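Please read the sequence alongside the model shown here. The explanation moves from the whole chain to selected parts of it.

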Amino acid sequence: MTSSQAEFDRHSHWFTESSLTESSRSGDCLICSNLVHSERQMIHSFLWEGMMSSQARTDFLEGGGFCPRHFWIAKRIEEDEWPSGGIGVAILCESIVAKAIQDLPNPKELSRRPAIGPFREKPRVEVSSPGSDCIFCRDQRDREESLVEILEFLKHKPGWSEKLAQSPLCVRHALMAFRMWREPVDKLQLRTALDEYLCQLQTDLKEFIRKHDWNYRHEPLGREKNAVIRAIQALTGLARQFPVQKFGAEGGNANGTRER
Ligand SMILES: [Zn+2]
Ligand SMILES: [Zn+2]
């Protein structure tokens, strides 16, 4: 048994292998695809049963609740999965609002004028972001690292080099692999593949920009037509990490009957 094989068995992440196989079907970064899927599953099960546990609720609140992206994902999941109207997100909102009230500054603090002269430099305003220690972001970071690590072992199994070539890692996940992978040959192969991918993307972007010119607009579009989306995804992750807002879903339910 090779050391890589032993290492993989030690991890015994056969379930991760099958979940990554599923992720490879989209053709997008393997890790990004897997994370988008797993975070939805996690939030769904938190709304379904996790939040009934007071320990889970406490951890959630201590992390400041959801970060903005996970908050909207939770809202969207509830709309999709509990069509007659769930109250999970409402209960969580109520707890977060209660904490926000509790954390309001003491009126005495606000009654004091800050001791800053007109020509003194203003101090930086430090206000923590909402859900700055979101438990789903934390879990996402752990899962992300473990997926990158496992991928190096999977890469040596039959069929996996092809899967990786068809669903190339985004820049962030490739940079993580350069830090975490052990074998220089694996890292060098990944670097070559990423370099080729980015150079092709650069060519496609140039072509996209060139064809925008009035003189060349009559030319039919080629592979550069979706270059901007591919570039944003390679640089910042998949577009589908963001929940899609149902049109007209800002208030009440879809037909507005609960609006007052
Ligand atoms: Zn990625
Ligand atoms: Zn989050």
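The model is predicted, so its confidence values come before its geometry. Averaged over the chain, pLDDT is 87, and 87% of the residues score at least 70. Helix α10 (residues 171-180) has the highest confidence, with a mean of 97, while helix α1 (residues 3-11) has the lowest, with a mean of 55. Residues 251-260 stay under 50 in pLDDT. For that stretch, the model has eight contacts beyond four places in sequence.

In secondary structure, the chain has twelve helices and zero strands. Its pattern along the sequence is accordingly α-α-α-α-α-α-α-α-α-α-α-α. Of the 260 residues, 18% are buried. Among contacts with a separation of 6 or more, 74% join residues 24 or more positions apart.

Consider next the pair formed by helix α3 (residues 30-48) and helix α5 (residues 68-81). They pack at an angle of about 70°, and their axes are 10 Å apart. An angle of 65 to 115 degrees counts as roughly perpendicular, and α3 and α5 are therefore roughly perpendicular to each other. Their crossing is right-handed. On the α3 side, the contact is made by E39, R40, I43, H44 and L47; on the α5 side, by H70, I73, A74, I77, E78 and E81. By class, the residues of this contact are five nonpolar, two polar and four charged.

The second pair is α11 (184-212) and α12 (227-236). Here the packing angle is about 140°, with the axes 9 Å apart. That angle makes α11 oblique to α12, because only angles over 145 count as roughly antiparallel. The crossing of α11 and α12 is left-handed. L201, D204, L205 and F208 of α11 meet A227, V228, R230, A231 and A234 of α12 in the contact. The contact of α11 with α12 has seven nonpolar residues, two charged and no polar ones.

The loop between α11 and α12 holds L221. Is L221 buried or exposed? There are 11 other C-beta atoms within 10 Å of L221, and a residue with 12 or fewer counts as exposed, so L221 is exposed. L221 also lies 8.1 Å from K211, C-alpha to C-alpha, with the two residues ten apart in sequence.

Key:
Residues are numbered from 1 along each chain as its sequence is written. Chains are lettered from A and ligands numbered from 1 in the order in which they are written. This is a predicted model: local features need pLDDT of at least 70, side-chain atom pairs count only at pLDDT 80 or more; totals for chains, interfaces and linings use all residues. Axes are lines fitted to C-alpha atoms, for helices over the stretch in contact, and angles run from 0 to 180 degrees between N-to-C directions. Helices (H or I, at least four residues) and strands (E, at least two) are DSSP runs, numbered from the N terminus. Angles under 35 degrees count as roughly parallel, over 145 as roughly antiparallel, 65 to 115 as roughly perpendicular and the rest as oblique. A crossing is left-handed if the near helix is turned anticlockwise from the far one by less than a right angle, and right-handed if clockwise. Two residues are in contact if their C-beta atoms, placed from the backbone, lie within 7 Å. Ala, Val, Leu, Ile, Met, Phe, Trp, Tyr, Cys and Pro count as nonpolar, Asp, Glu, Lys and Arg as charged, and the others, Gly among them, as polar. pLDDT is the predictor's confidence in each residue, from 0 to 100. A residue is buried if 20 or more other C-beta atoms lie within 10 Å of its own, exposed if 12 or fewer, and partly exposed in between; C-beta atoms are placed from the backbone.
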